[in-house]
Each structure stands twice: as C-alpha cells, then as structure tokens.
Amino acid sequence: TRILANRYEIVKKLGKGNFGTAYLCKDLRSKIADTDSEYELKVLKEISVGDLQPDETVDAVREARVLSKLDHPSIVKFHDSFIDGESFCIVTEYCEGGDLDCKINECVKNKQEIDPKLIMDWFVQLLLAVHYMHQRRVLHRDLKTRNIFLRQNMIKIGDFGISRILMGTTDLASTFTGTPYYMSPEVLKHEGYNSKSDIWSIGCILYEMCTLNHAFDGKSLMAVMYKIVEGEVPKLPEKFSAELNNVLKLMLSKDPEKRPCATDLLKIPLIKNHIAKLS
Ligand code: ADP
Ligand code: MG
C-alpha cells in the first residue's frame with residue numbers, strides 16, 4: 001500500500017483528468033467517531049510539478065491554503081495540500097455520488113430524466129455556492145458537469161480554483177484541450193475571464209440538467225464555438241416554466257455586462273422562493 005504525507009493511504013484510482021490523477025484515500029489521522037477501524041475517505045489529487053520552478057510551486061501551495069479556508073455546504077471541502085517528491089497533492093472531501101456528467105450519461109442510457117424539483121434544488125445550490133465564492137473574489141474558471149459532484153443527493157462544486165492554481169503553471173493552450181461546451185463567448189474571444197463567465201457556465205449546466213443535452217453542441221470544436229459566440233439561446237422544453245426559461249436566457253446573454261451576477265440572480269422571485277423552501 002502507498003501512503004502519502006504519512007497520512008493518506010491510497011485505496012484506488014478514481015480517474016485521470018487534465019491536470020493529474022485522482023485517488024480515493026483513507027485519512028489515517030481521522031477516525032470516524034464511535035467506530036474502531038473506520039477512517040474517513042477523502043480524495044487525493046496528484047499533479048506532477050516536475051517542470052515547475054520552485055517559486056511557482058510555493059505559489060501553488062499558498063493559493064491552495066486560501067482555498068482551504070472556503071467553507072460552504074455546496075462546495076467540495078478542500079482539506080489539505082502538500083508537495084510529495086515531484087507531485088503537488090490536494091486532498092478534498094469525497095463525494096460518493098460521483099459527478100454530474102456521469103449522472104447525466106446514466107439518465108440518457110436508462111431513458112430517464114432528472115426530476116424537475118431536483119433540478120431546481122441543484123440549480124439554486126450551484127448559485128449559492130458561486131455567490132459565496134464570488135463574494136470572496138474567487139472565480140471557478142472551469143465549471144462543467146465533470147467538476148460538479150453529488151453527495152447525499154446534494155450538489156457540490158469541486159475543483160474550485162484549481163485551474164487558477166494551475167493556470168500560472170501550465171500554459172494556457174493546454175487548459176483549452178478540455179471541453180469547450182461551457183466556455184463563454186468572451187472567453188472564446190479572448191476578452192478575459194471574469195465572474196460573469198462562471199454564470200454563463202452555470203446557465204449551460206442548468207440547460208443540460210433540464211434536457212440532458214449540451215446547450216451549445218456541434219459536430220466539431222469550431223461548430224460548438226461558433227454556436228456559443230453567434231448562436232441563439234436554446235429554449236427549455238415545454239414542461240419548464242417561462243420564468244425558468246427567462247432565467248436561462250439572462251444567464252446566457254452574450255454580453256457579460258448584460259448577464260446577471262449571482263447576487264442579481266438570487267433576487268429573482270423564482271429562485272428566492274425556491275431557496276426559502278430548501279431549508
Ligand atoms: P477532470 O475534472 O478533468 O475529469 P479530475 O482529476 O478532477 O479530472 O477527476 C478525475 C476523476 O475523479 C473523475 O472521474 C471524477 O469524477 C473523480 N473525482 C474527482 N474529485 C472527486 C471527488 N471529490 N469525489 C468523488 N469523485 C471525484
Ligand atoms: Mg475535476
């Protein structure tokens with residue numbers, strides 16, 4: 001068995017992403033109360049930093065410490081980060097429900113839909129989490145269904161700020177080898193990433209939860225990018241309210257200035273009323 005930082009015992013590999021490999025691990029220093037042998041399960045993400053300058057690595061660790069202070073029920077808890085040999089390791093909460101991308105693919109395969117009530121729960125949880133982050137001037141920059149997790153049927157945003165940590169360390173081009181589906185027009189036009197770009201991505205995710213299809217899709221990367229920059233805002237199916245359709249339309253405004261921020265969205269009656277019903 002492999003143990004990192006004298007503390008995290010690797011249980012199994014969860015998968016490989018753009019930036020590194022994610023493992024399920026046991027935290028040997030966190031016994032679950034009232035049990036003799038159970039340790040808390042966490043996720044350890046190992047990122048190779050072989051090519052980094054020492055000061056860049058220090059920056060990454062410092063940034064990770066900032067993220068570890070974020071504490072919100074709809075954000076994957078950031079527990080720890082450290083350097084182990086050639087690797088930069090990040091330890092976070094484990095979400096046993098897997099990611100939203102898997103959940104959506106499962107629904108497609110089984111010809112199921114996501115319950116509209118659940119969509120609203122998850123959508124407002126996403127907005128509350130993004131609002132919390134934006135108030136602290138932290139952007140996500142890589143919101144997509146693969147970075148959104150489920151735990152006890154609640155949604156949690158993961159990989160928050162990780163792309164920002166890594167942005168300075170990997171070249172920008174490599175971050176664009178990822179999926180373009182959730183990228184906003186301003187990002188594609190190289191007009192800069194801002195908090196409104198996160199809002200665009202949440203709009204795309206809302207559409208995808210409602211229809212199980214990408215908001216902007218096409219046969220090629222260019223076709224997808226063209227639709228994002230020039231295409232019409234897609235409409236939700238009949239069974240969703242005009243109010244929700246209008247929220248989607250606002251979130252997918254091409255011009256970031258016209259797009260609402262999280263605070264604006266939380267004031268919309270449909271959303272405000274749903275939040276009141278949550279608790
Ligand atoms: P990417 O986001 O590019 O897919 P990641 O390294 O973030 O790559 O994730 C790799 C795999 O590990 C994915 O299948 C993802 O669902 C899973 N995973 C990552 N973080 C968690 C977590 N906190 N809880 C459960 N599964 C996770
Ligand atoms: Mg991820």
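Me: At what angle do H3 and helix H11 pack?
Reply: Two packed helices are described by the angle between their axes and the distance between the axes. H3 and helix H11, residues 269–278, pack at an angle of about 100 degrees, with their axes 10 Å apart, and that makes H3 roughly perpendicular to H11. The axes are lines fitted to C-alpha atoms, for helices over the stretch in contact, with angles from 0 to 180 degrees between N-to-C directions. Angles under 35 degrees count as roughly parallel, over 145 as roughly antiparallel, 65 to 115 as roughly perpendicular and the rest as oblique. The names come from DSSP runs, numbered from the N terminus (helices are H or I with at least four residues, strands are E with at least two).

Me: How do the axes of helix H3 and helix H7 cross?
Reply: The axes of helix H3, residues 116–135, and helix H7, residues 195–211, come within 11 Å and cross at roughly 170 degrees, so H3 and H7 are roughly antiparallel to each other. Among the residues that meet there are Trp122, Phe123 and Leu126 in H3, and Ile202, Ile205 and Leu206 in H7. By class, this contact of H3 with H7 has 11 nonpolar, two polar and one charged residues.

Me: How is the numbering done, and which cut-offs apply to a predicted model?
Reply: Residues are numbered from 1 along each chain as its sequence is written, while chains are lettered from A and ligands numbered from 1 in the order in which they are written. In this predicted model, local features need pLDDT of at least 70 and side-chain atom pairs count only at pLDDT 80 or more, whereas totals for chains, interfaces and linings use all residues.

Me: In what order do the strands of the open sheet stand?
Reply: Two strands pair if DSSP finds at least two bridges between them. Six strands form an open sheet here in the order S1-S2-S3-S4-S6-S5, and the pairing is antiparallel. Strand S1 (3–4) and S5 stand at the edges, each with a single partner strand, so one side of each is left without a neighbour in the sheet. S4 and S6 pair over seven bridges, with isoleucine 47 opposite phenylalanine 88 in S6. Strand S5, residues 78–84, and S6 pair over six bridges, and serine 81 stands opposite isoleucine 90 in S6. S5 and S6 form a hairpin with two residues between them, and glycine 85 in the turn has a positive phi of about 60 degrees.

Me: Which residue has a positive phi although it is not a glycine?
Reply: Most residues other than glycine have a negative phi, and most peptide bonds are trans. Lysine 111 has a positive phi of about 50 degrees, and leucine 212 has one of about 65 degrees. Lysine 111 is in the loop between helix H2 (100–109) and H3, and leucine 212 lies in the loop between H7 and helix H8 (221–230).

Me: Is aspartate 159 buried or exposed?
Reply: A residue is buried if 20 or more other C-beta atoms lie within 10 Å of its own, exposed if 12 or fewer, and partly exposed in between. Aspartate 159 is buried because 26 other C-beta atoms lie within 10 Å, although it lies in the loop between strand S8 (154–157) and helix H4 (162–167). Leaving out residues up to four places away in sequence, aspartate 159 touches Asp142 and Asn147. By contrast, lysine 111 counts as exposed, with 7 C-beta neighbours inside 10 Å, and leucine 212, with 16, counts as partly exposed.

Me: Which residues are closest to ligand 1?
Reply: A residue is near a molecule if its C-beta atom, placed from the backbone, lies within 6 Å of it. Ligand 1 is surrounded by 20 residues, and the closest are Leu14, Gly15, Gly17, Ala22 and Cys95. The elements that give two or more residues to this shell are strand S2 (8–16), strand S4 (39–48) and strand S6 (87–93). By class, the shell has seven nonpolar, eight polar and five charged residues.

How values were computed: Ala, Val, Leu, Ile, Met, Phe, Trp, Tyr, Cys and Pro count as nonpolar, Asp, Glu, Lys and Arg as charged, and the others, Gly among them, as polar. Two residues are in contact if their C-beta atoms, placed from the backbone, lie within 7 Å.
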